[in-house]
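Dear colleague,

Please find below the structure that I am handing over to you. My findings follow directly after it.

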Amino acid sequence: MPFCTEEKEVVCSICGVRSTHTVITSSDPQKGVPDIDLRPAAPHRGYINYWVMKCPECGYCNASLDMPADIDKEYLNSEEYKTCGGIGGVSGKASYMIKKALVCLKGHCYKEAVQSYLYSAWMLDDDNSEPQAKACRKAAVAVMDSHPAAFKNDANFKLLKADLLRRSGDFERVMREYEGTAFNSQLMTAIAFFEVNLAAQQDSAAHRADEIPGVSAK
């Protein structure tokens, strides 16, 4: 069993309503090769379904509903929040994760917002909702472009951005910004080189880390 779950009662920090949600209580060490955007291999890919909650009363979405946020009920009723920031055609846990990203943006938690958009894209990948997945990746890039200070000197996010750009179809920008780029890590440099080569082929598909030439991934 890769992970265990249990039901947990949580009090919403926005409206105070109690609701029950499934949470992960323990997990086995992850095995298998991740994608180059660090999405884990199966069966651990299923973890993502437990990474976000939605309050059944007010619609607040976060990793846990008892977490405080810099929003109020008025924002939860706003057009921006209700429409997932304009990303149409999204429902279920993917919409919860996008709304979590919007909550993070309101709280100036920009890295967590990027990660939440990425996770929503993973969910949409699984649903074969390619246009919406691309929109989420573009939204993640927009956060990074709008708040460069939050990501300055963070090599992990810089490398992730290359994948977000490529998966959303912005091949020219990947080649322009990453061709010849060297990281302090040889592995990260190899991944960046791989991203550029994929962009040159206009390849927007998901790829695993063990596809990178010269890289041994387990």
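A search of the whole structure, which is a predicted model, finds 15 salt bridges. A salt bridge here is a side-chain nitrogen of Lys or Arg within 4 Å of a carboxyl oxygen of Asp or Glu.

Residues are numbered from 1 along each chain as its sequence is written, and side-chain values use heavy atoms, with hydrogens and water left out. Because the model is predicted, local features need pLDDT of at least 70 and side-chain atom pairs count only at pLDDT 80 or more, while totals for chains, interfaces and linings use all residues.

Helices (H or I, at least four residues) and strands (E, at least two) are DSSP runs, numbered from the N terminus. A residue is called buried under 20% relative accessible area, exposed over 50%, and partly exposed in between, with a 1.4 Å probe and protein chains only. A contact means heavy atoms within 4.5 Å.

Individual salt bridges

Which residue does Lys-111 pair with in a salt bridge? The partner is Asp-154, and the closest N and O atoms are 2.7 Å apart. Lys-111 belongs to helix H4 (residues 110-126), whereas Asp-154 sits in the loop between helix H6 (148-151) and helix H7 (155-167), so the pair ties together parts that are 43 residues apart in sequence. Lys-111 is partly exposed, at 33% relative accessibility, and Asp-154 is buried, at 15%.

A salt bridge also joins the side chains of Asp-203 and Arg-166, with an N to O distance of 4.0 Å. This pair links distant parts of the chain, 37 residues apart: Asp-203 is in the segment after helix H9 (186-200) and Arg-166 is in helix H7. Are these two partners buried or exposed? Asp-203 counts as buried at 19% relative accessibility, and Arg-166 is buried with a relative accessible area of 0%.

Arg-18 is exposed, with a relative accessible area of 56%.

The chain as a whole

The chain contains nine helices and four strands. Read from the N terminus, the order of its elements is β-β-β-β-α-α-α-α-α-α-α-α-α. The radius of gyration of the chain is 18 Å, close to the 17 Å that the globule rule gives for 218 residues, so the chain is as compact as a globular protein of that length. This radius is taken over C-alpha atoms, and the globule rule is 2.2 Å times the number of residues to the power 0.38. The C-alpha trace spans about 50 × 40 × 30 Å along its principal axes.

Of the 218 residues, 45% count as buried. Among contacts between residues at least 6 apart in sequence, 54% join residues at least 24 apart.

Backbone angles

Where is Leu-38 found? Leu-38 is in the loop between strand E2 (18-27) and strand E3 (53-54). Its phi is near 75°, a positive value in a residue other than glycine, and Leu-38 is exposed at 66% relative accessible area. Asn-128, also not a glycine, has a positive phi of about 60°. Asn-128 is placed in the loop between H4 and helix H5 (130-146) and is exposed, with a relative accessible area of 72%. As background, most residues other than glycine have a negative phi.

Two further positions

Asn-156 lies in helix H7 and is exposed, with a relative accessible area of 55%. The C-alpha atoms of Asn-156 and Asp-37 are separated by 9.9 Å, although these residues are 119 residues apart along the chain.

Pro-68 lies in the loop between strand E4 (61-62) and helix H1 (73-76), where it counts as exposed at 72% relative accessibility. Which residues does Pro-68 touch, leaving aside its neighbours within four places in sequence? Pro-68 is in contact with Ser-13 and Tyr-60. The C-alpha atoms of Pro-68 and Gly-107, 39 residues apart along the chain, are separated by 9.8 Å.

Yours sincerely,
A colleague
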